[in-house]
Amino acid sequence: MSEEKSGPIGLVELPQLKLSDPDGNDFYSLRKYEPIISKQILLSSLEAGGFETRFINLRDGDYEENYGRITWRGIELSKNYVGLDIKGVDPASCQVWCITVNFTLYREIAIMLLKHLSSKGKPVVVGGSDPIADPQVYLRNGAAVVVEDKSGAANWPLFNYLLGKGTKEEISGVILADGTKYPKRNPSLHPEEWSLPSTEVAKQCLGQQYWMDPFPEHLLPIGSIFPDIGCDRKCDFCQTPTYGTGYRRMSPQRVMQWLQAQCDAGAKSVVSVSDQFLGRVIFPNGREEIIEIMKGVREKDLAILWPNGLELRKMTLGRGRNYESTDLTPDEELIEALYHWNGTTGTLAAYIPAERPIFGREAYAKLVPWQQHKRIVRTIVQAGIPMISYGVIIGLPDDDDYSLLQLEEALWEIYYEVKAINPSIIFQTTPFVISPILGTPQGEMIRKSGLLRFDDPAIFAGFWTASIDTKHLSYEQVSDWQFRLAQIGDSKNLQSPQRFRQLPVEAKNLEQVAVEV
């Protein structure tokens with residue numbers, strides 16, 4: 001490592017996973033044309049540090065290769081990667097390689113790529129949520145470094161070291177192949193310090209599709225922003241609190257600079273993938289920051305999408321506090337700023353993290369009681385948003401047929417209330433099955449409970465393939481409930497797994513449902 005080397009750092013985007021049944025129905029919607037989010041931040045950082053980079057997008061192609069099969073629910077599922085052939089990348093063409101793996105679902109594909117890229121002796125750096133949760137599996141398979149610092153503070157010293165331009169004493173927030181662990185910098189790098197993307201980098205990372213199929217043509221292409229990192233909550237199902245960054249947010253002025261970079265690249269809409277955008281409200285003037293940012297989005301004639309959801313409790317006059325006396329009245333001005341849509345600008349679509357809006361709320365500190373929940377949702381719909389993905393979680397240890405039947409009735413109830421306000425809104429229920437996310441307290445609890453039935457990442461790490469029994473239901477029964485709940489709403493308008501669109505699930509008579517509600 002002491003000899004100085006010249007040549008590019010290769011940043012490689014993983015190909016897509018295709019998990020399909022014998023009829024060719026896919027369990028995961030292919031995301032070939034979605035904007036590139038994390039690589040935009042990393043490319044911008046390395047470019048600002050004076051590093052030569054080369055970006056390779058392996059999801060941009062139609063090549064398909066099988067890498068395994070697994071039987072689930074008595075169905076043989078085929079695991080394929082789709083995009084460009086991994087073997088088509090010359091492992092000797094870059095001095096250092098970099099892979100990001102944010103989802104355990106992609107672990108097997110990432111390891112295939114890792115083994116190929118390291119085959120000529122070039123160091124491979126692996127970062128992202130999955131390597132942070134289980135660094136050893138990547139180190140065993142050829143990684144030279146696993147990056148544990150999500151903030152970006154490790155980047156420049158690490159790559160200088162790997163290129164022979166720096167020393168080990170300067171690096172931080174990483175684990176080397178020999179097992180040596182270098183602690184993270186304290187404090188971590190603030191998002192305000194993240195380097196802005198050049199127009200060329202931003203253009204490389206634009207997308208042509210997101211969440212809905214087809215995406216409105218006049219809102220293409222799609223850019224992306226990441227205006228904050230971390231979270232003020234410590235939910236036991238979520239990996240974000242384990243990153244150790246704390247909650248850190250960009251100033252409205254910096255967010256505007258990132259949005260302008262997307263506009264300069266040609267974007268007509270943006271995806272915001274904040275961990276906790278509304279975390280701002282717990283700080284003085286944070287509410288005003290949100291209103292200012294949303295005003296800036298509209299002034300730039302942009303549509304915005306919120307795929308990770310915004311916390312409903314923080315949209316109240318109580319600002320997300322968890323006291324008995326907390327005022328859960330909807331903050332109408334804030335909600336109007338967040339969800340207003342005028343046909344061309346504002347919020348086009350959002351995921352609402354309802355999680356467990358009725359029974360089971362105890363597992364989620366951020367949730368509000370059902371009647372207050374419905375009031376907030378009605379206020380959101382009144383703001384004019386045209387598309388909502390309403391997310392619930394099923395498969396909790398205590399779930400049984402009775403509790404899930406009550407959940408189903410509640411979902412029909414809120415669906416009809418929403419439609420009464422705006423008959424043209426696209427409202428789709430998105431029922432995710434619980435997943436034992438590595439590195440989380442919930443993930444550890446599930447693994448110790450003996451309820452986990454699959455340890456294949458293509459199954460247990462996916463939210464559309466049930467892998468866990470409850471105390472009362474088999475994983476097959478949980479899966480049946482997932483298919484059933486997925487039929488509530490306007491499913492044909494939002495992008496959903498092909499397998500779910502093909503299932504012959506018996507739909508309730510709508511008049512009967514209205515009477516029941």
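**Ground rules.** I number residues from 1 along each chain as its sequence is written, and I use heavy atoms for side-chain values, leaving out hydrogens and water. Because the model is predicted, local features need pLDDT of at least 70 and side-chain atom pairs count only at pLDDT 80 or more, while totals for chains, interfaces and linings use all residues.

Entry 1: I took helices (H or I, at least four residues) and strands (E, at least two) as DSSP runs, numbered from the N terminus. I counted two strands as paired if DSSP finds at least two bridges between them.

I then looked up the side chains of β14. In a regular strand the side chains alternate between the two faces of the sheet. In β14 (residues 269–272), Ser 269 and Val 271 point one way, Val 270 and Ser 272 point the other way, and all are buried. Buried means under 20% relative accessible area, exposed means over 50%, and partly exposed lies in between (1.4 Å probe, protein chains only).

**Entry 2: the open sheet.** I traced an open sheet of seven strands in the order β3-β1-β6-β7-β8-β9-β10, with mixed pairing. β3 (53–57) and β10 (181–182) each have a single partner strand, so one side of each is without a neighbour in the sheet. Within the sheet, strand β7 (residues 124–127) and strand β8 (residues 145–147) are parallel, over two bridges, and Val 126 has Val 146 as its bridge partner.

**Entry 3: the cores.** I defined a nonpolar core as a set of buried Ala, Val, Leu, Ile, Met, Phe, Trp, Tyr and Cys residues joined through side-chain atoms within 4.5 Å. The largest has 134 residues, and Ile 380 is one of those touching the most other members. α11 gives this core its largest share, eight residues. Beyond its neighbours within four places in sequence, Ile 380 is in contact with residues including Leu 312, Met 315 and Tyr 339; contact means heavy atoms within 4.5 Å. A second, separate core has 26 residues, among them Val 96 and Leu 158.

**Entry 4: helix α11.** At the start of α11, a side-chain oxygen of Asp 400 comes within 3.2 Å of the backbone nitrogen of Tyr 402.

**Entry 5: backbone points.** Which peptide bond did I find to be cis? The bond from Leu 220 to Pro 221 is cis, with omega near -5°, and Pro 221 sits in the loop between α6 (199–204) and β11. Arg 73 is not a glycine, yet its phi is positive, about 60°. Arg 73 is partly exposed, with a relative accessible area of 26%.

How values were computed: Polar contact = N/O pair within 3.5 Å; in protein donor to acceptor, adjacent residues only side chain to side chain.
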